[in-house]
Amino acid sequence: YQRRVHGQVHGGSLPELGASSFSVCYITAPSNEVAESLAGSLVTERLAACANIIPGVTSVYQWQGEVHKDVECLLMVKTRTALTDQLQRHVVKHHPYEVPEVICIHLDSGHAPYLDWIKASTR
């Protein structure tokens, strides 16, 4: 890969991970306050190393036979795959939605020092 940082090109290969050792989970929230609360509790409980909050996401979806359109926040949560079930239970318990979105995707590769940090920052 190649990446331009401050006008300089940096390149190299990304290390391969063990089969699905790390995951990114996507969680929507109805407000920034709810997103911050979920992010804080996931990091405090060491179920996640980091949670990015992306405000202003427009979601269009079917719910109870009607099409809805809402502005939400999207959390992008980095964790170990071994913790995704616990993370999901935590979100369901603390989320105001009846059926919260919790979708986790396994990572195939990543920057080794960052992945080490995720491992050290979680249970």
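Helices here are DSSP runs of H or I with at least four residues, strands are DSSP runs of E with at least two, and both are numbered from the N terminus. Counted that way, the chain has 3 helices and 6 strands. Read along the sequence, they come in the pattern β-β-β-α-β-β-α-β-α. The structure is a predicted model, where local features need pLDDT of at least 70 and side-chain atom pairs count only at pLDDT 80 or more, while totals for chains, interfaces and linings use all residues. Residues are numbered from 1 along each chain as its sequence is written, and side-chain values use heavy atoms, with hydrogens and water left out.

Next comes burial. A residue is called buried under 20% relative accessible area, exposed over 50%, and partly exposed in between (1.4 Å probe, protein chains only). Of the 123 residues in the chain, 33% are buried. As for contacts (heavy atoms within 4.5 Å), take those in the chain between residues at least 6 apart in sequence: 71% of them join residues at least 24 apart.

Now for the cysteines. A disulfide is a covalent bond between the sulfur atoms of two cysteines; the cut-off used for spotting one is a pair of cysteine sulfur atoms within 2.5 Å. Searching the whole structure turns up 1 disulfide. It joins C25 to C104, with 2.2 Å from S to S. This pair ties together distant parts of the chain, since C25 sits in strand 3 (residues 22–29) and C104 in strand 6 (residues 102–106), 79 residues apart. The link of C25 and C104 is right-handed, with 105 degrees about the S-S bond. C25 is buried because its relative accessibility is 0%, whereas C104 is partly exposed, at 31% relative accessible area. Another cysteine, C73, has 5% relative accessibility and so counts as buried.

Then there is helix packing. Two packed helices are described by the angle between their axes and the distance between the axes. The axes are lines fitted to C-alpha atoms, for helices over the stretch in contact, and the angles run from 0 to 180 degrees between N-to-C directions. For helix 1 (residues 32–44) and helix 2 (residues 84–94), the axes come within 11 Å and cross at roughly 140 degrees. That angle makes helix 1 oblique to helix 2; angles under 35 degrees count as roughly parallel, over 145 as roughly antiparallel, 65 to 115 as roughly perpendicular, and the rest as oblique. On one side of the contact are L38, S41 and L42 of helix 1, and on the other are L87, H90, V91 and H94 of helix 2.

L38 turns up again in the surroundings of H95. H95 is in the loop between helix 2 and strand 6, and its 7% relative accessibility is why it counts as buried. Setting aside neighbours within four places in sequence, H95 is in contact with I27, T28, A29, P30, L38 and P100. H95 and T28 are 67 residues apart along the chain, yet their C-alpha atoms are separated by 9.6 Å.

Finally, a look at backbone angles. R46 is not a glycine, but it has a positive phi of about 60 degrees. It lies in the loop between helix 1 and strand 4 (50–63) and is partly exposed, with a relative accessible area of 37%. Q64, also a residue other than glycine, has a positive phi near 50 degrees. Q64 is in the loop between strand 4 and strand 5 (66–80), and its relative accessible area of 63% makes it exposed.
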